[in-house]
Amino acid sequence: MYASVLMAVTDKFVVALVLSIVTTLLLIALVVFAFLAAKSAMKQNKADKLAEGEKAEKAREDFERQRQAEKAADEKASAEQLAALEKAREISRKIDEAKENLSHGIIEESESAPETARDELLDETVDEPDAPAEEELSSAEETSAEELDEAEEGQDEEAADESGSLETAATVAAQATETNEETELVGREEKQAIAAVSSPFGVRPERKVSPYSLSFKAKLIQGGEETQTFFGEIEDVFASFVDVRKTETWSKVRFKIKRDTLAVMSYRGSTLCIALAIDPSGRNLRGKCAKNMTGRRGFAATPLLIKLKSERALIAARDFIYELMASYDSERVYIDVRDYRLPYEDSESLVGRGLARSKPSAEERA
């Protein structure tokens, strides 16, 4: 009886043990399977992330290459446009020089007539010393008129009348010693007559002492076409740099980048000048129309002065500006050429526009 009970208990224990072992093995197999599945998923996720990173890096590199190519194309186009602009300006300058040379040739031909008339008048004055003064004057005027009509046939009627009028024979004799000064005067009048025909803005009248105080813009308006062209060339150069800004006061125009003053344009007398923020010490300024203003009042920040009186001075100023801007990280872009020519206006009109004002009298200053 005991043996049967013991065998029954033993069989139940063995069965329970076997079941527990089988359950444990199943649990272990399940855990191992889950771990392998999770590990495979992690590897796949990591591979996907690496692939996405490589794809993003490749797209970024492609975008950077495309941007650099576009930038290079824009720079090339800007350089070509600037070169074309410089070439057009050079052609325009050559045309202006040819016109000026042609006008000088016309003036030289017209200058020979007054000299011939004076020589004839002098000869008649010496040969007939006893003739009355009125007869000498009449003969001199007739001879001068005939000579001028023959020499200046086809020339401007006003220039012929001016060169053919003489007051007295004594005045003619005195003027014989001042031929060079009178020749320059005739040449200037002829040049103004030619400019009146070719320029749409007319001729600027002779400078006179004005009772008005003129602003920078007013002086530019009355300065003539050449001075206005020089100013426009300088402003175009500065305007081609994106970081440069211009400020205009009553008597000056400043060009600045951030807080640094690059240049100051003003008038010294009747001459347009530009002062640049370049140290002139140790430089050879000979032949560049430049002057060292170090130590002078008002030129502490801009000690290099250039008087814009000729094409050579304008070229030197542009070269100095490019040298100055090379020290700043400022991008240069293409700009459209602007026409800075302004029609002449008298001082009264400028006062009405607020560009000029009356100078105080001596009593008011006292």
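Helices are taken here as DSSP runs of at least four residues, numbered from the N terminus. In the predicted model, helix 1 spans residues 2-127 and contains V14. This residue belongs to a nonpolar surface patch formed by F13, V14, L17, V18, I21, V22, L25, L26, I28, V32, F35 and L36. Together, the residues of the patch present about 1100 Å² of accessible area. V14 itself has a relative accessible area of 41% and is therefore partly exposed.

Four aromatic pairs were found in a search of the whole structure. In one of these, F216 and F231 adopt a tilted arrangement, with 5.7 Å from centre to centre and 55 degrees between the planes. F216 is located in helix 6 (residues 216-221) and F231 in helix 7 (residues 225-239), so the pair ties together parts that are 15 residues apart in sequence. Both F216 and F231 are buried.

F231 also pairs with Y340; the ring centres are 6.1 Å apart and the planes stand at 90 degrees, so this pair is edge-to-face.

R357 is positioned over the face of W250, 3.8 Å from the ring centre.

Terms used:
Residues numbered from 1 in each chain as written. Predicted model: local features only at pLDDT ≥ 70, side-chain atom pairs only at ≥ 80, totals over all residues. Heavy atoms only, no water. Patch = residues over 30% accessible without salt bridge, like charges linked within 9 Å, V, L, I, M, F, W, Y side chains within 5 Å. Areas by Shrake-Rupley, 256 points an atom, 1.4 Å probe, with all protein chains shown as cover. Salt bridge = Lys/Arg side-chain N within 4 Å of Asp/Glu carboxyl O. Helix = DSSP H or I, 4+ residues; strand = E, 2+ residues; numbered from the N terminus. Buried < 20%, exposed > 50% of the residue type's maximum accessible area, 1.4 Å probe, protein only. Phe/Tyr/Trp six-rings, centres within 6.5 Å; stacked < 30°, edge-to-face > 60°. Lys NZ or Arg CZ within 6 Å of the ring centre and 35° of its normal.
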